[in-house]
Structures are given as structure tokens and as C-alpha cells.
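Dear colleague,

Please find below the structure that I am handing over to you. My notes on its aromatic contacts and pockets follow.

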Amino acid sequence: MYLFIGTAEDCDKKGALEIVNQINNKPDTILGLATGSTPVGMYQNLIKLYRDKKVSFSQVKTYNLDEYVGIPREHVCSYYYFMQENLFSHIDIPAENVSLPDGNAPDLEKECSDYEERIANSGGIDLQVLGIGHNGHIGFNEPNTPFESVTHLVDLTQSTIKANSRFFESEDQVPRQALSMGIKTIMQAKKILLFVKGADKADIIHKALKGPVTPEVPASVLQLHPNLHVYVDKAAAAKLK
Ligand code: GLP
């Protein structure tokens, strides 16, 4: 495991540069992407590097980790909307190259198996961006999700609904379900970049990286990944030193 500890700004910068290097080495890179507040600064750096002509996304394909069930794509809280706002509309990635699970598909089970198949058929994810939830979730893989899980329909836990309610008008507007890549889907990525920020993540990142590997802390599975790069800001790294 490669572990970088620095300011949040340095994490964003270095992480973005690592992604740009990946794309410049393999222009048709398959990227796995994440939402949440953590990767926003890193995405801003990617946009800047694109504007400075250090990278082109014209051949890149992306697969997002997850999406809520039952809110329209145009809703400001959908992950589709988030990705357009925070990255896709600012770079030269062709619209047909970006994929998120469709939380409005008529048959959600079929959507999950199709999504998994599309990832596999594209050759698999070269580099997966990840954040971590306070309960150790990655994507929307809540505690006790089997390590063998592939893309699936998830019932969100009360703690995740509460945590994510900050983006909605009220807690009862947060969807109760989501579609998420599984833990196995994530672990199949050739490289994983995990970003962790803020004092409120200090406990969980310590557990995830230094504690036992257990489905109770989904992110602990990352200890088993052969190519894990972790960018932790100083506040979140308080217990790692
Ligand atoms: C959400 C997302 C995760 C994300 C997590 C942490 O529930 N599904 O992919 O990593 O929240 O979010 P934040 O970065 O805002 O703390």
C-alpha cells in the first residue's frame, strides 16, 4: 500500500496527477469514479489539468460506483447530476463514454447484472476512485456486505441516510435504496485510489487500514488489494501516525 499524508490540497493535487499519468500512459483508460464531498477538490484539479492541456479524456470511459434509486437524473442530488456538475461538463469526455447505474431502470436487478457485465466487457476498471463512509462503506456497500458481492440493490442504513441528508432538504427526502458496485467489483479494479478527509474520518480510516479485515468494516477489504494508493489529509490521519 502507498500512503500519502498531507494537506487536503496536496491530496487533491497528487491524486489528480496520478490519474492524469494513468490516462497519459493509457489514453483509453477505464476509470471508476466516486461521488461525495471528498473527491470534489481532486476533480477540480483534473479540470484544471485538462484546461492546461495536460490531459485529454476523449478516449476515457468511466463507470460510477453507485446511484440512488428513484430520483430523476436531473435531480440536483442524483449522482448523475453530481458528476455532470463536478467533472463531466468541464472536460472533453464524450457523453456516451460515461456510465452510472440507472436507479430508474424498470428492472433494477437486471440493471445491476447488465452494469456488471458492461464493466467486464469494457476490459475492467484500470483505476477506481473511492471515498469512505463513516461506517466504513465503500460505494454503498454497507457493513456486512459480502466481499463476493457484485453490483446490487442496496437498502441504505439509517446512519448513511442521516449522513447524506445534508445534501437534501430533509432526511425523509433521502432515497432509501441505491444501486452500487459490489465489493468484488471494486476489488477487481487494477488500481484503487482512496481519498479520506476530515477529523470525522480519523477513526474509520484507522480501523479500515490497521484493524482486522472484516465485512463489518467494508473498507478493510482494501488491505487485500495489491495496488492500493491512499491519500489522507492530516486531520483524517490523526490516528494513523
Ligand atoms: C456516499 C457515497 C460514497 C462516499 C461516501 C462518503 O454515501 N455513496 O461513495 O464515499 O458517501 O462521502 P463524503 O466524501 O461526502 O464523506
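How many nonpolar, polar and charged residues does the lining of the second largest pocket have? The lining has eight nonpolar, four polar and four charged residues, where Ala, Val, Leu, Ile, Met, Phe, Trp, Tyr, Cys and Pro count as nonpolar, Asp, Glu, Lys and Arg as charged, and the others, Gly among them, as polar.

The model is predicted, with local features needing pLDDT of at least 70 and side-chain atom pairs pLDDT 80 or more, while totals for chains, interfaces and linings use all residues. Residues are numbered from 1 along each chain as its sequence is written, and side-chain values use heavy atoms, leaving out hydrogens and water.

**Pockets**

A pocket is an open set of points on a 1 Å grid over the protein atoms alone, where a 1.4 Å probe fits, with protein on both sides within 12 Å along at least five of seven lines; lining residues have an atom within 4 Å of a point. Volume is the space filled by probe spheres set on the points, which are joined across faces, edges and corners.

The second largest pocket holds about 240 Å³. Among its 16 lining residues, Arg 73, Tyr 80, Leu 100, Pro 101 and Asp 102 are the closest to its centre. The charged end of Arg 73 also sits over the ring of Tyr 80, 4.0 Å from its centre (CZ of Arg or NZ of Lys within 6 Å of the ring centre and within 35 degrees of the ring normal).

The largest pocket has a volume of about 620 Å³ and is lined by 32 residues, with Thr 35, Gly 36, Ser 37, Asn 164 and Arg 166 nearest its centre. Its lining comprises 13 nonpolar, 14 polar and five charged residues. Helix 5 contributes the most, with four residues (helices are DSSP runs of H or I, at least four residues, and strands runs of E, at least two, numbered from the N terminus).

**Aromatic contacts**

There are nine aromatic pairs, that is, rings of Phe, Tyr and Trp (its six-membered ring) with centres within 6.5 Å; planes under 30 degrees apart are stacked, over 60 edge-to-face and the rest tilted. Tyr 2 and Tyr 231 form an edge-to-face pair, 6.1 Å centre to centre with 65° between the planes. Because Tyr 2 lies in strand 1 and Tyr 231 in strand 10, this pair ties together parts 229 residues apart in sequence. Tyr 231 is buried at 3% relative accessible area, whereas Tyr 2 is partly exposed at 34% (buried is under 20%, exposed over 50%, partly exposed in between, with a 1.4 Å probe and protein chains only). Tyr 2, Phe 4, Phe 195 and Tyr 231 form one aromatic cluster.

Yours sincerely
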